[in-house]
Amino acid sequence: MLKDKNILIGITGGIAAYKICELIRMYKRAEANVKVVCTQNAMNFVTKTTLQSLSQNDVGIEHFNIDDFKIEHIAYTDWADIMVVAPASANTISKIANGIADNLLTSTVCAFRKPIIIVPAMNTGMWENPIIQENVEKLKKLNYTIIDPETGFLACGANGKGRLCDNDLIFDTTDKILNPKLKKKSKIIITAGGTIEDIDPVRYISNYSSGKMGLAIADCAYNQGFEVVLITTKEVEKPYKTIQVKSALDMQQAIDKEFKTANYIVMAAAVADYKVKNKSTQKLKKTSADEITLTLTKNPDILKNLCNKKTKQTIVGFCAESENLEKNALQKIKNKGCDYLVANDISRNDIGFNSDYNEVMIFSKNGNVKKLQKAKKTEIAKSILDTILK
Ligand code: CTP
C-alpha cells in the first residue's frame with residue numbers, strides 16, 4: 001500500500017541509526033521510493049554507501065549541494081510525500097521544536113509542509129529531561145507524529161525508556177498516515193497459544209504452541225489502527241485489550257463476549273480437541289496400578305461454531321498439519337466454513353511451533369491459494385492481514 005509513495009528518511013546521530021537500514025528495506029519491499037538525508041553525526045553510525053545501496057538514491061548530508069538548479073532541501077520537500085526522522089536525537093528534536101535549521105536535515109524539516117513522523121531514540125536520562133519532554137510535547141501539539149521510544153536494554157548499558165520503537169510500528173504508522181481511508185477502525189479478535197486442559201490441580205494436557213503467530217498478527221493489527229482483542233493462553237502485556245484464558249471452554253466464553261461487535265476473527269490458537277472428563281479437584285494419588293486410563297471428552301469446535309453463527313464477520317482459521325498439508329487444508333476450510341484458512345506444516349522444525357519464522361499457505365473459501373515463502377512471523381502476519389483485508 002506504500003507502492004510509489006515517496007518517503008524521505010532523516011537519520012540523526014544515534015546508535016539506533018543502524019536499525020534504519022532495515023526500515024529502508026521494508027519500504028523498498030513495499031515498492032516505495034526512498035531518499036535519505038543524514039546529519040554529519042549519523043555518519044558515525046552508518047555509512048553513506050550502505051544507505052545509498054539500500055535506498056538506491058544518493059544520500060544528502062551537506063547543506064549546499066545544488067542539483068538541477070534546485071536548492072537541495074527544497075527539492076526534498078517537493079519530492080517527498082512524508083518525512084520520517086528516525087532515530088531522532090535529543091539535539092535534533094530540540095532544534096526542530098525551536099525552528100533551528102542549521103543542517104540539511106533540520107532545514108528540510110523546517111520547510112516541510114507534509115506529514116512528519118519523529119521517532120526518538122536516546123538515553124533514558126535525556127528522554128526524561130523536562131526540556132526534551134517539553135520540546136516533544138510542543139511538536140505533538142504542532143501535529144508532528146511522535147512515536148514514543150520503548151523501554152528496554154539500551155546501548156549505553158542501562159535498562160529504561162529510550163530505545164527506538166519497532167520498525168514495524170514506524171512502517172505501519174507511515175502506511176496509516178499515507179492511506180488513512182484504507183484503515184477503517186475495525187474490531188479484530190485474535191486467539192493465540194495452546195489451550196490448557198487440567199487433569200487435576202497440578203497436571204494438565206496442552207500442546208507446543210508458543211502463541212507467537214497470533215501475537216504477531218495482534219501487534220500488526222494494532223499498529224494498523226484496528227481495535228484489537230487478543231485472547232491468549234500466554235501472559236502478555238500489550239497496549240491493546242488482552243484476555244488471558246486457560247482452557248478451550250474459557251477461550252470460547254471470552255470470544256462469545258466479544259464476537260457480536262467484531263469485524264474479523266483470527267483463530268490462531270491451538271485449541272485442544274479434547275478435555276479431561278471428570279477432572280479431579282484434588283491431586284490424583286499414585287496407586288499400585290501400573291497403568292491408568294484418562295478418559296477424554298470432546299471440546300467444542302470454537303471455529304466451526306463461530307462460522308455457523310457469523311453475521312458480518314470475516315473468519316480466519318489456522319490449520320496445523322504434519323502431513324498432506326494441501327489436501328487436509330482444503331477439507332478443513334470446507335468443513336469449518338471459514339473465509340480463510342492459514343495452513344502450516346508442523347513437521348518442519350525450522351518454522352511453526354516456537355520458531356520466529358513461518359511458511360504458510362492461505363486458502364480462501366472461493367478457491368484461491370496464496371503461498372507465502374518462509375519469513376519472520378511479523379512479516380507473515382502482515383501478509384495475512386493484507387490478504388483478509390482485500
Ligand atoms: N479449532 C477450534 N476449536 C477446536 C479445535 C480447533 O476452534 N476444538 C480451530 C483452531 O483454532 C484452528 C482450526 O480450528 O483455527 C484448525 O485447528 P486444527 O488443530 O488444525 O484442526 P482440528 O479442527 O483440531 O482438526 P485436527 O486436529 O483433526 O487436524
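Guide: A polar contact is a pair of N or O atoms within 3.5 Å. The model here is predicted.

Visitor: Which ligand atom does the backbone of Ile302 reach, and at what distance?

Guide: A nitrogen atom of the ligand lies 3.1 Å from a backbone N or O atom of Ile302. That pair counts as a polar contact because the cut-off is 3.5 Å.

Visitor: And what does Phe318 do with the ligand?

Guide: Phe318 also uses a backbone N or O atom, which sits 2.8 Å from an oxygen atom of the ligand. Asp273 uses a polar side-chain atom, 2.8 Å from an oxygen atom of the ligand.

Visitor: How much of the ligand does the protein bury?

Guide: The protein buries 78% of the 570 Å² that the ligand exposes when taken alone.

Visitor: Switching to the fold. What is the strand order in the open sheet of eight strands?

Guide: The order is β13-β12-β9-β14-β17-β18-β19-β20, and the pairing is mixed. At the edges are β13 (241-244) and β20 (369-376), each pairing on one side only. On average, neighbouring strands are turned by 15° against each other, ignoring direction.

Visitor: Which helix packs on the sheet and touches β19?

Guide: Helix α9, residues 212-223, does so, and its contacts also include β9, β12, β14 and β17. The direction of α9 makes about 160° with that of β9. Helix α10 (residues 248-259) lies across β9, β12, β13, β14 and β17, at about 175° to β9.

Visitor: Back to β9 and β12: parallel or antiparallel?

Guide: Strand β9 (residues 187-192) and strand β12 (residues 227-232) pair in the parallel sense, over six bridges. Within that pairing, Ile190 has Leu230 in β12 as its bridge partner.

Visitor: What is the phi of Asn143?

Guide: Asn143 has a positive phi of about 75°, although it is not a glycine. Asn143 is in the loop between α7 (130-141) and β6 (145-146). Asn278 has a positive phi too, about 50°, and is not a glycine either. The loop that holds Asn278 runs between β15 (274-276) and β16 (296-298).

Visitor: Is Asn278 buried or exposed, and why?

Guide: Asn278 counts as exposed because its relative accessibility is 69%, and exposed means over 50%. Asn143 is exposed as well, with a relative accessible area of 69%.

Visitor: What about Ser107, buried or exposed?

Guide: Ser107 is at 6% relative accessibility, so it counts as buried. Ser107 sits in helix α5, residues 104-111. Not counting residues up to four places away in sequence, Ser107 touches His63, His73, Ala101 and Asp102.

Visitor: Last one, the chain as a whole. What share of its residues counts as buried?

Guide: Of 390 residues, 49% count as buried. The chain has 13 helices and 20 strands, and its C-alpha atoms fill a box of roughly 85 × 45 × 35 Å along the principal axes. Its accessible surface is about 19,800 Å², with 48% belonging to carbon and sulfur atoms. Among contacts between residues at least 6 apart in sequence, 66% join residues at least 24 apart.

Notes
Residues numbered from 1 in each chain as written. Predicted model: local features only at pLDDT ≥ 70, side-chain atom pairs only at ≥ 80, totals over all residues. Heavy atoms only, no water. Pairing = 2+ DSSP bridges. Helix = DSSP H or I, 4+ residues; strand = E, 2+ residues; numbered from the N terminus. Axes fitted to C-alpha atoms, helices over the stretch in contact; angles between N-to-C directions. Contact = heavy atoms within 4.5 Å. Polar contact = N/O pair within 3.5 Å; in protein donor to acceptor, adjacent residues only side chain to side chain. Areas by Shrake-Rupley, 256 points an atom, 1.4 Å probe, with all protein chains shown as cover. Buried < 20%, exposed > 50% of the residue type's maximum accessible area, 1.4 Å probe, protein only.
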